[in-house]
Amino acid sequence: MQITTSPQIPVEPSIYELNFTQLSDLLVDLGEPKFRTKQIWQWLYRRFATDFSKMGNLPGELRQKLADSYSLDPSEIVSSQRSNDRQTTKVLFQLPDGQLVETVLMKYEKRRTLCISTQAGCAMGCVFCATGQMGFFRNLTSAEIVAQVIYFARLLADDDEHVTNIVMMGMGEPLHNYENCIAAVDKLTDNDGFNLGARKITISTVGLIPAIRRYADEQRQTPLAVSLHAATDEERSKLIPINKKWPIADLMDACRYYINKTGRRLTFEWALIQNENDTIEQAQALGKLIQGMLCHVNLIPLNPTSGFNGGPSGRTRVEAFQQELANYGVSSTVRVRRGIDIQAGCGQLRDRHLKIS
């Protein structure tokens, strides 16, 4: 199902751009007591307010001042789809400058996982990714990142459910938008607000080495996932152009640095492409590359895109690849594919919307 609306995108800055300290400073400037900060913070991150006028424990004058200066939603829905099994919902948001970004909710037995976007487009150019095929437009603000989560939190709350996990694996390269992504994580993990455990948020990267090292030095609790997809430079450079700048040996050094610095297990993402990177030779190369490392491999049969000819690996090849990794003592999981009937891979709903609009 597709729903289309005429966006009425606010011109005021989003209040979600403010962190707790900035919100407190604002209220002091307005002559308000500091305890108002926590009240507003919880209206934003626990009650998911849709209108400043509904913040009932605030003075009417303050509510009006906030409404005059800030918006609650920095984006509008232009399209929405739900899979036939009702377990996957994908929303296309339009931002104030007209850029389009996607967010996906995936329902599992005990989890409600959001796959959120961090950029409009992507500069990494991974050939099998719909977002990589469209190029880069701009970074999302921390408010635009957070707003994706708040929208689905409202939606889930209607069914007495809540967001349990977040993966920054939608449109864009999170570590290419480092400051805004970290600012969003800090807001979403704040104990007085959304209060999602830091280990419930995973940040994905194709391998921006300086950012990986910075992330390790900051001792962040949010897990890191590296999109590897090939274990030799020849193969990886064909799929992921950034590998030409930071080849696998350098990337592995950064990964080991992260593990040694944080003591945390690293996840490697591997999109299995039929007859491309699902061979026994690639499995052996991967096994040798990461054998003995504190890591886990997520095997994901490719979600096909119109701009790439490759297709997903079949069950037999997936099982053979996984078994070969086990021979090297490397743990792996085959990810359950969600939303294939609605093309839930990042960037695909945007492309479809632009073609029909």
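This is a predicted model: local features need pLDDT of at least 70, side-chain atom pairs count only at pLDDT 80 or more; totals for chains, interfaces and linings use all residues.
Residues are numbered from 1 along each chain as its sequence is written. Local features need pLDDT of at least 70, side-chain atom pairs count only at pLDDT 80 or more, totals for chains, interfaces and linings use all residues, and side-chain values use heavy atoms, without hydrogens and water.

**Exercise 1.** Describe how H10 packs on H11.

*Solution.* 
1. Locate the helices (DSSP runs of H or I, at least four residues, numbered from the N terminus). H10 spans residues 280-290 and H11 residues 315-327.
2. Take the geometry. The angle is about 30 degrees and the axes lie 9 Å apart. Axes are lines fitted to C-alpha atoms over the stretch in contact, and angles run from 0 to 180 degrees between N-to-C directions.
3. Classify. H10 and H11 are therefore roughly parallel (angles under 35 degrees).
4. List the contact (heavy atoms within 4.5 Å). H10 gives Ile-280, Gln-282, Ala-283, Gln-284, Leu-286 and Gly-287; H11 gives Ala-320, Phe-321, Glu-324 and Leu-325.
5. Sort by class. The contact of H10 with H11 holds six nonpolar, three polar and one charged residue. Gly counts as polar, and Glu as charged.

**Exercise 2.** Characterise the second largest pocket.

*Solution.* 
1. Note its volume, about 150 Å³. Volume is the space filled by probe spheres set on the grid points, which are joined across faces, edges and corners.
2. Apply the pocket definition: on a 1 Å grid over the protein atoms alone, an open set of points where a 1.4 Å probe fits, with protein on both sides within 12 Å along at least five of seven lines.
3. Read the lining (an atom within 4 Å of a point). Among the lining residues are Phe-48, Asp-160, Glu-161, His-162 and Asn-195.
4. Sort by class. The lining has six nonpolar, two polar and two charged residues.

Terms used. Helices (H or I, at least four residues) and strands (E, at least two) are DSSP runs, numbered from the N terminus. Angles under 35 degrees count as roughly parallel, over 145 as roughly antiparallel, 65 to 115 as roughly perpendicular and the rest as oblique.
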